[in-house]
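Please keep the sequence and the 3D view open while you read.

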Amino acid sequence: MTQPQALPNHVGIIMDGNGRWATARGLSRNRGHQKGAEVFGQIVRHAQKRGIPYLTVYAFSTENWNRPPEEVGGIMNLLRSYLRDADKYRKENVAVSVIGDKSRLDVDLVEMIAKLEEGSRHNTGIHLNIGLSYGGRDELVHAARQIAAMAQAGSISPQEVDHSLVERCLYTAGQPDVDLIIRTGGEQRVSNFLLWQGAYAEFYFTPTLWPDFTPADFDAALEEYSRRERRMGGILP
Ligand code: IPE
Ligand code: IPE
Ligand code: MG
């Protein structure tokens, strides 16, 4: 019998299927994103209750900028209202980081994000990373640029570039690798999410569309994770 895994230290969620959920109901895609945002709040609270230390959600990818302007604008407005409620997260003891290329966001959003990150950083509950304008490749390019600048300045030599230096240059610096990646909406692909951090992640795919995802579905993913046998390239004793 294999030893059951403890709870994952870090869960990632690719919250996919908002558009299909809305279209199936004759609603606009943005209504799907609205419902998805509500579900997101419930799942964060639930993950915190379950004692998950780190949660990273994929809210908007670097590729999602290519969607029609009305949809991109709608998602950004949802984010605005989320950030307006920032005080709530402080009370809920959630420490929030927004990960991604913030240079593409509107200035007011960047300011609100900075305030939320600063105001919640000493919270001791779940650490929530929100992937916004996030892409794994983009993150690695961003890290490579920092490392190249250090080398150019003479503060490191090429031999000093190692896993730990790359990790320290990621948006998730100092955080554990992701153990479990949940993807809703039925697609079985990574879509540029946590490419480095997910090197040995367990994947859980469900056809359930994100707006229909419940705390019980989250628990089912944890349950399945607990039955996985993680070998990390080694062999079992
Ligand atoms: C995920 O839902 C949310 C974002 C990517 C912003 P989608 O909008 O991709 O929904 P589907 O996949 O089209 O149903
Ligand atoms: C992944 O979903 C990104 C988010 C959930 C934010 P997409 O809908 O953008 O991914 P693809 O296009 O199906 O790969
Ligand atoms: Mg999608």
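1. Start with Pro176. This residue sits in the loop between helix 7 (163-168) and strand 5 (180-183). Keep in mind that the model is predicted. Pro176 has 22% relative accessibility, so it counts as partly exposed; the cut-off for buried is under 20%. Leaving out residues up to four places away in sequence, Pro176 touches Asn9, His10 and Tyr54. For a sense of distance, take Asp87. Pro176 and Asp87 are 89 residues apart along the chain, and their C-alpha atoms are separated by 27 Å.

2. Go next to His10, one of the residues that Pro176 touches. His10 lies in strand 1, which covers residues 10-14. Is His10 buried or exposed? Its relative accessibility is 0%, so His10 counts as buried. Its side chain makes a polar contact of 2.7 Å with the side chain of Thr56. Not counting residues up to four places away in sequence, His10 touches Tyr54, Leu55, Thr56, Asn129, Gln175, Pro176, Asp177, Val178, Asp179 and Leu180. Click through these in the viewer.

3. Asn129 is in strand 4. Its relative accessible area is 0%, so Asn129 is buried. Which side chain does Asn129 pair with in a polar contact of 2.7 Å? The partner is the side chain of Gln175. With neighbours within four places in sequence set aside, Asn129 is in contact with His10, Leu55, Thr56, Val57, Ser97, Ile99, Thr172 and Gln175.

4. Now the largest pocket. It holds about 970 Å³ of space. Its lining has 45 residues, and Met15, Asn18, His33, Tyr58 and Ala59 lie nearest its centre. Several elements give two or more residues to this lining: helix 1 (18-24), helix 2 (29-49), strand 2 (54-61), helix 3 (69-84), helix 4 (86-91) and strand 4 (127-134). Which element gives the most? Helix 2 does, with 11 residues. By class, the lining has 19 nonpolar, 13 polar and 13 charged residues.

5. Ligand 1 comes next. There are 13 residues around ligand 1, and Asp16, Gly19, Arg20, Arg29 and Arg67 come nearest. An N or O atom in the Asp16 side chain is 2.8 Å from an oxygen atom of ligand 1. The backbone also takes part. A polar backbone atom of Gly19 is 2.9 Å from an oxygen atom of ligand 1. For a polar backbone atom of Asn18, the distance is 3.2 Å.

6. Then look at ligand 2. The residues around it are Ile14, Met15, Asp16, Tyr58, Ala59, Phe60, Asn64, Arg67, Arg183, Arg189 and Ser191. A polar side-chain atom of Asn64 lies 2.9 Å from an oxygen atom of the ligand. For Arg67, an N or O atom of the side chain is 3.3 Å from an oxygen atom of ligand 2. Arg67 is also listed among the residues that come nearest to ligand 1.

7. The second largest pocket has a volume of about 150 Å³. His163, Glu167, Asp177, Val178, Asp179, Trp196, Ala199, Tyr200, Ala201, Arg230 and Met232 line it. By class, these are six nonpolar, one polar and four charged residues.

8. Last, Ala143. It is placed in helix 6, residues 136-152. At 1% relative accessibility, Ala143 counts as buried. Apart from residues up to four places away in sequence, Ala143 touches Cys169 and Leu170. Ala143 and Glu63 are 80 residues apart in sequence, and 19 Å apart in space from C-alpha to C-alpha.

Terms used. Residues are numbered from 1 along each chain as its sequence is written. Chains are lettered from A and ligands numbered from 1 in the order in which they are written. This is a predicted model: local features need pLDDT of at least 70, side-chain atom pairs count only at pLDDT 80 or more; totals for chains, interfaces and linings use all residues. Side-chain values use heavy atoms; hydrogens and water are left out. Helices (H or I, at least four residues) and strands (E, at least two) are DSSP runs, numbered from the N terminus. Buried means under 20% relative accessible area, exposed over 50%, partly exposed in between (1.4 Å probe, protein chains only). A polar contact is a pair of N or O atoms within 3.5 Å; within protein, one must be able to donate a hydrogen and the other to accept it, and residues adjacent in sequence count only if both atoms are side-chain atoms. Contact means heavy atoms within 4.5 Å. On a 1 Å grid over the protein atoms alone, a cavity is a set of points where a 1.4 Å probe fits but cannot get out, and a pocket is an open set with protein on both sides within 12 Å along at least five of seven lines; lining residues have an atom within 4 Å of a point. Grid points are joined across faces, edges and corners, and a volume is the space filled by probe spheres set on the points. Ala, Val, Leu, Ile, Met, Phe, Trp, Tyr, Cys and Pro count as nonpolar, Asp, Glu, Lys and Arg as charged, and the others, Gly among them, as polar. A residue is near a molecule or strand if one of its heavy atoms lies within 4 Å of it.
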